[in-house]
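Let's walk through this structure together, one question at a time. Keep the 3D view open as you read.

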Amino acid sequence: MVFYWGLFILVLILSLCASYTKKYSNIFLIVFLLCIFIFFAFREGFTPDYYSYELAFDEQRVGERNENEIGFSWIISFFTYRQALFLQTFLICACLYIA
């Protein structure tokens with residue numbers, strides 16, 4: 001929980017700095033998204049349900065029966081759980097940067 005408060009304070013500071021200095025607002029946004037990317041893409045066991053999601057992902061990957069969406073079926077056939085988490089976080093941060 002302390003990490004989330006630290007992340008919130010960092011976002012608040014970067015937002016205030018970006019609003020005061022329009023010249024560097026793009027740099028503050030990149031630093032903020034990089035912090036979020038590093039935390040979410042490389043976390044392991046941070047939440048209590050992390051390993052249950054990883055186990056469910058691996059079971060779907062190995063199992064013969066696949067009752068998921070087409071996109072998820074494609075992801076589990078080509079990527080491991082860690083790679084899928086990395087890809088998902090990258091896509092989210094890229095969309096936030098573009099928006």
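Helices here are DSSP runs of H or I with at least four residues, numbered from the N terminus. The model is a predicted one.

Q: In which helix is Thr89 found?
A: Helices are numbered from the N terminus, so each one gets its own label to look for. Thr89 is found in helix α5.

Q: Is Thr89 buried or exposed?
A: Buried means under 20% relative accessible area. Thr89 has 6% relative accessibility, so Thr89 counts as buried.

Q: Which residues does Thr89 touch, not counting residues up to four places away in sequence?
A: Look for heavy atoms within 4.5 Å, which is what contact means here. With residues up to four places away in sequence not counted, Thr89 touches Ile36, Phe37, Phe40 and Ala41.

Q: How are α2 and α5 oriented to each other?
A: Helix α2 covers residues 25–41 and helix α5 residues 81–98, and they pack at an angle of about 160° with their axes 9 Å apart. Angles over 145 degrees count as roughly antiparallel. So α2 and α5 are roughly antiparallel to each other.

Q: What is the handedness of the crossing of α2 and α5?
A: Two packed helices are described by the angle between their axes and the distance between the axes. Here we also ask about the crossing of α2 and α5, which is right-handed.

Q: How many nonpolar, polar and charged residues does the contact of α2 with α5 have?
A: On the α2 side, the residues include Leu29, Leu33 and Phe37, and on the α5 side they include Arg82, Phe86 and Thr89. By class, the contact of α2 with α5 has 13 nonpolar, 2 polar and 1 charged residues.

Q: How are the rings of Phe37 and Phe86 arranged?
A: The count comes to 2 aromatic pairs. In the pair of Phe37 and Phe86, the ring centres are 5.1 Å apart and the planes are at 70°. Planes over 60 degrees apart count as edge-to-face, so the Phe37 and Phe86 pair is edge-to-face.

Q: How many residues apart in sequence are the parts that the pair of Phe37 and Phe90 ties together?
A: Phe37 and Phe90 form an edge-to-face pair, with 6.4 Å centre to centre and 80° between the planes. Phe37 lies in helix α2 and Phe90 in helix α5, so the pair ties together parts whose separation in sequence is 53 residues.

Q: Which residues do ring pairs link into a cluster?
A: Phe37 counts as buried at 14% relative accessibility. Phe86 counts as partly exposed at 37%, and Phe90 is partly exposed at 47%. The cluster linked by ring pairs is Phe37, Phe86 and Phe90.

Key:
Residues are numbered from 1 along each chain as its sequence is written. This is a predicted model: local features need pLDDT of at least 70, side-chain atom pairs count only at pLDDT 80 or more; totals for chains, interfaces and linings use all residues. Side-chain values use heavy atoms; hydrogens and water are left out. Axes are lines fitted to C-alpha atoms, for helices over the stretch in contact, and angles run from 0 to 180 degrees between N-to-C directions. Helices (H or I, at least four residues) and strands (E, at least two) are DSSP runs, numbered from the N terminus. Angles under 35 degrees count as roughly parallel, over 145 as roughly antiparallel, 65 to 115 as roughly perpendicular and the rest as oblique. A crossing is left-handed if the near helix is turned anticlockwise from the far one by less than a right angle, and right-handed if clockwise. Ala, Val, Leu, Ile, Met, Phe, Trp, Tyr, Cys and Pro count as nonpolar, Asp, Glu, Lys and Arg as charged, and the others, Gly among them, as polar. Rings of Phe, Tyr and Trp (its six-membered ring) pair if their centres lie within 6.5 Å; planes under 30 degrees apart count as stacked, over 60 as edge-to-face and the rest as tilted. Buried means under 20% relative accessible area, exposed over 50%, partly exposed in between (1.4 Å probe, protein chains only).
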